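Welcome! Here is a short briefing on one helix and its surroundings. Take a moment to look at the structure before reading on.

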Amino acid sequence: MKAAIERKVIRWFHILASIPILGYVYGPVANIPEAARMVKWVILPLVILSGFWLWLGHLARKHFKGTTRTYRVSTEKRKTI
């Protein structure tokens, strides 16, 4: 997946998953135990993780990519004087 498409998908997930949080804060969702539990323990952590991924995803990809560096070893002997 291209980086731009991945970012759009995560951004839209982040926006749409935030709607139940707004319902929890401003609406009657806090009074419904099952919905409140779902918002607190599932949706809120996912929104936080998606926000961190949008913010620092480029660093995480770079860290987990595991770039291997190749070093050129010279076979010539150095001359010492």
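Contact here means heavy atoms within 4.5 Å, and buried means under 20% relative accessible area, with exposed over 50% and partly exposed in between (1.4 Å probe, protein chains only). This is a predicted model, in which local features need pLDDT of at least 70, side-chain atom pairs count only at pLDDT 80 or more, and totals for chains, interfaces and linings use all residues. Residues are numbered from 1 along each chain as its sequence is written, and side-chain values use heavy atoms, leaving out hydrogens and water.

- Helix α2 covers residues 33–65; helices (H or I, at least four residues) and strands (E, at least two) are DSSP runs, numbered from the N terminus.
- After α2 comes Gly66, with a positive phi near 70°.

**The buried side**
- Buried residues of α2 include Ala36, Val39, Ile43 and Leu54, and the buried residues of this helix pack against α1 (3–26).
- Ser50, in α2, is buried, with a relative accessible area of 7%.
- Beyond its neighbours within four places in sequence, Ser50 is in contact with Ile10, Phe13 and His14.

**From the record**
- An unreviewed UniProt entry places "transmembrane region" at residues 12–32 and 38–56; positions follow the numbering used here, feature names are shortened, and annotations may be inferred rather than shown by experiment.
- In the model, residues 38–56 are 100% helix, while residues 12–32 are 71% helix.

Key:
The expected span of a helix is 1.5 Å times one less than its number of residues.
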